[in-house]
Amino acid sequence: MLQKKVKKRATLLLALTLISLLAIFFILMGLNKNILYFKSPTDIKTNEDINFNKKIRVGGMVKKNSLVIEEKEIKFIITDFQNELQISFSGTVPNLFSEEKGVVAEGKLQDKSFFIADRILAKHDENYMPPELKNLMKNNVK
Amino acid sequence: MLSNLGNSILFLCVILSLSIIYFANQNLKTPEGKISKIIYQFSLIQSCLILVCFFTLIAAFIVSDFSLINVYQNSHTSKPILYKISGTWGNHEGSLLLWAIILTIFSFLFLVYNNNHPKKFRLLTLIVQNILILGFLFFILFNSNPFSSIVPVPNEGLGLNPILQDPALAIHPPLLYIGFVGSSIYFSAAIASLISNYSSNSFSLSIKNWVLVSWCFQSLGILVGSIWAYYELGWGGFWFWDPVENASLLPWFAMTALFHSLIVFERRNIFYFWVIILCLMTFILSVMGTFLVRSGILNSVHTFASDPSRGLYILSFLSLMIFVSIFLLFKKYKRENYNINQNSKETFILINNWFMMFYLATVLLGTIYPIFTDAITNNQISVGPPFYNTIIIPIAVIFLLFMAVGPRVKWIKNKFEDLKIYTFILIGSLLINFLITYFLESYSILSNLIIISALFLISSSLIDGIKEFKKKRLDYARIISHASFGFLVLFIGLNDVFSIEKDYNIKLGETKKFENYSIKFQTLNLKEFSNYKAVVGELEILNTDTNKKNILSPEIRIYDNPQTLTYEASIKSSFLRDYYLTMSNIDRSDYYNIKFQKKPLMIWIWISVVMIVIGGFLRIFTNAKSN
């Protein structure tokens with residue numbers, strides 16, 4: 001009788017651990033697939049193994065006089081004052097997107113100098129800058 | 001002058017807190033069965049004083065007393081009076097004062113409303129709560145003092161960020177804080193219960209209404225925040241899985257798990273330690289959320305002035321709380337005998353808790369993962385909505401099915417007698433789903449599954465309701481909340497599947513056509529308002545099938561104080577769908593960048609959440625009646 005009870009509890013415990021392990025496994029898998037790496041134009045230039053099929057975020061300043069607006073797309077150049085990256089985007093630009101302001105683009109690299117964005121994030125207001133950009137700017141000022 | 005007044009009151013509050021702790025400690029030692037009057041009086045005075053302190057700050061904002069740094073940084077004489085007042089809690093320092101108020105008032109109310117619980121438990125709760133109050137008062141006084149003065153006194157303030165000048169955002173923080181900070185009282189109660197060994201199920205009676213109150217307000221706070229994000233941020237969505245939003249969702253999961261397992265604890269006197277863990281976890285998650293948001297450690301799209309020194313203080317406070325909680329838990333932990341049948345209401349409520357914990361773990365991991373990768377590998381990453389969607393949505397299908405079946409299950413031991421009804425409901429849901437997808441021509445397995453399970457939950461809840469009504473034992477609160485949750489998921493699912501989104505770069509006078517719509521950019525006007533100028537576009541949306549016209553007028557606003565550019569979405573709501581249009585100008589060109597969205601059933605998403613909360617409030621009323 002007792003053995004039966006112990007057995008039952010053991011199976012229950014085993015099932016529970018398995019389920020929780022499975023759950024954690026799925027969460028981690030999901031995380032691995034869906035994280036977005038942040039790169040600066042210099043990172044892209046210097047990095048050898050870039051996965052072109054994976055979405056990434058790139059950030060920097062919108063270069064002066066680089067913004068071109070056409071009917072279907074918006075083109076501009078992101079710079080971190082060392083290297084540059086051409087961005088093409090069709091969609092709505094957010095608040096405070098303009099030349100010589102910080103910007104983060106989300107999308108896929110086509111090659112090492114051309115990027116197609118499907119989302120543009122910019123500063124939210126005058127005081128706010130994405131922390132990634134802040135670090136980038138700090139490093140370049142040095 | 002106001003600066004001195006505010007500081008003195010804050011200082012008085014510290015002394016009051018200390019004396020309450022002292023008197024409560026003295027009172028613990030006396031054999032007398034009652035709590036002495038002086039503690040009641042001190043608690044009442046403390047609550048009144050902190051309110052006076054808050055009104056002092058509000059007064060400073062109303063009269064624009066720029067001798068206070070806080071007022072100078074966040075207000076402006078030309079600001080409408082409503083936003084002068086809401087500016088009080090729209091900033092870091094003021095909002096901390098709001099924290100302290102809620103802590104204090106909840107402390108007093110808990111003391112007054114729990115006469116029939118042991119004296120030791122009540123006094124200890126009061127002591128722990130006052131330690132929390134002290135912690136926040138010190139934080140306010142030494143790090144984030146809203147009454148700091150500035151010399152020389154400036155003539156004009158810097159103004160409040162225009163996107164925060166909004167009625168929804170005026171009431172959003174107080175609502176959310178009642179939820180966040182309200183959870184402090186059952187944190188204190190849980191610690192007190194551990195120390196005083198008050199572990200019988202009557203403990204649940206002392207906290208269950210507090211859990212429900214904080215849960216209702218938390219839900220409302222999240223709702224108002226979502227509505228604000230929907231019309232103000234211009235993306236047309238209402239939930240972005242942004243760290244700030246996740247921070248408000250984490251305690252919500254814990255609260256939801258908590259008030260469900262409290263039902264079992266109250267009824268069957270089991271799960272005591274699990275309930276305690278959830279109580280502790282809820283407030284810890286609330287403070288953690290505050291830490292993540294205020295310290296600026298996370299990359300969020302929402303604006304929050306951040307400052308590392310604040311982060312450090314909250315972090316040490318948080319670590320102390322976690323340490324004490326874990327220490328007490330280990331010290332007091334006793335093995336409980338869970339003799340529950342696999343097929344019983346107990347098990348089903350436990351299943352609800354597992355799901356809540358799973359969601360909590362998912363959202364928590366997704367939120368803090370970037371911090372770890374940044375610290376360990378120096379890779380800067382962000383976790384986007386796809387992560388949450390792929391993990392949460394498939395699991396939600398199973399969750400909804402359990403949620404539908406669970407409430408019908410009996411206590412202790414159950415037999416499934418209504419299998420027939422469930423198959424019937426399931427077939428019905430399948431049929432409705434196929435009708436929807438057939439007529440509206442859209443196809444995706446996952447969205448179909450979500451819609452089926454949501455329909456299953458709605459119809460079984462409603463059938464439940466009818467049955468109970470016939471037996472005259474209708475549990476309004478549960479039926480309303482559960483059915484509305486089903487509706488919420490259903491509407492979100494339909495909204496997601498049948499939304500249309502189009503982006504164009506358009507010039508004045510141009511017309512764009514897609515599907516059965518055409519958009520014509522008619523006019524562009526410049527308008528002047530008291531504290532901003534606006535460029536107002538007028539666009540005509542024509543549905544070529546029905547020949548119905550809608551004029552939408554999105555704005556680009558230029559605010560003076562502080563100098564900010566914002567885009568105002570133009571939204572035409574109706575019961576079936578929202579039309580949503582934002583417009584922005586691009587540097588040095590005639591093109592205007594527009595985003596048009598058709599969002600079906602938007603209003604119903606809001607209404608569903610309101611109904612879920614109404615269910616919560618109804619439960620509080622029925623609880624109060626039966627006591």
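B:Pro152 sits in the loop of chain B that runs between α6 (119-142) and α7 (167-195), where helices (H or I, at least four residues) and strands (E, at least two) are DSSP runs numbered from the N terminus. The peptide bond that leads from B:Val151 into B:Pro152 is cis, with omega near -5°. Most residues other than glycine have a negative phi, and most peptide bonds are trans.

The model is predicted, so local features need pLDDT of at least 70 and side-chain atom pairs count only at pLDDT 80 or more, whereas totals for chains, interfaces and linings use all residues. Residues are numbered from 1 along each chain as its sequence is written, and chains are lettered from A and ligands numbered from 1 in the order in which they are written.

Chain B as a whole contains 17 helices and 11 strands. Its radius of gyration is 27 Å, close to the 25 Å that the globule rule gives for 627 residues, so chain B is as compact as a globular protein of that length; the radius is taken over C-alpha atoms, and the rule is 2.2 Å times the number of residues to the power 0.38. Along the principal axes, the C-alpha atoms of chain B fill a box of roughly 85 × 80 × 55 Å.

An automatic or database domain assignment divides chain B into domain 1 (1-165) and domain 2 (501-603). The C-alpha centres of these two domains lie 44 Å apart, and eight residues of domain 1 are in contact with eight residues of domain 2, contact meaning that C-beta atoms, placed from the backbone, lie within 7 Å. The side of domain 1 that touches domain 2 has three nonpolar, four polar and one charged residue, where Ala, Val, Leu, Ile, Met, Phe, Trp, Tyr, Cys and Pro count as nonpolar, Asp, Glu, Lys and Arg as charged, and the others, Gly among them, as polar.

Helix α1 (residues 2-29) of chain B packs against α6(B) at an angle of about 160°, with the axes 9 Å apart; axes are lines fitted to C-alpha atoms, for helices over the stretch in contact, and angles run from 0 to 180 degrees between N-to-C directions. That angle makes α1(B) roughly antiparallel to α6(B), the term for angles over 145 degrees. The crossing of α1(B) and α6(B) is left-handed, that is, the near helix is turned anticlockwise from the far one by less than a right angle. Among the residues that meet are B:Leu10, B:Val14 and B:Ile21 in α1(B) and B:Leu123, B:Ile127 and B:Leu134 in α6(B), and the contact divides into 15 nonpolar, four polar and one charged residue.

The axes of α2 (residues 37-62) and α5 (residues 92-113) of chain B come within 9 Å and cross at roughly 155°, which makes α2(B) roughly antiparallel to α5(B). Their crossing is left-handed, and the residues making the contact include B:Tyr40 and B:Phe54 of α2(B) and B:Gly94 and B:Phe108 of α5(B). By class, this contact has 13 nonpolar, six polar and no charged residues.

The contact includes B:Phe348, B:Phe355 and B:Gly366 of α12(B) and B:Phe387, B:Ile391 and B:Phe402 of α13(B), and its residues comprise 12 nonpolar, two polar and no charged.

How values were computed
Angles under 35 degrees count as roughly parallel, over 145 as roughly antiparallel, 65 to 115 as roughly perpendicular and the rest as oblique. Two residues are in contact if their C-beta atoms, placed from the backbone, lie within 7 Å.
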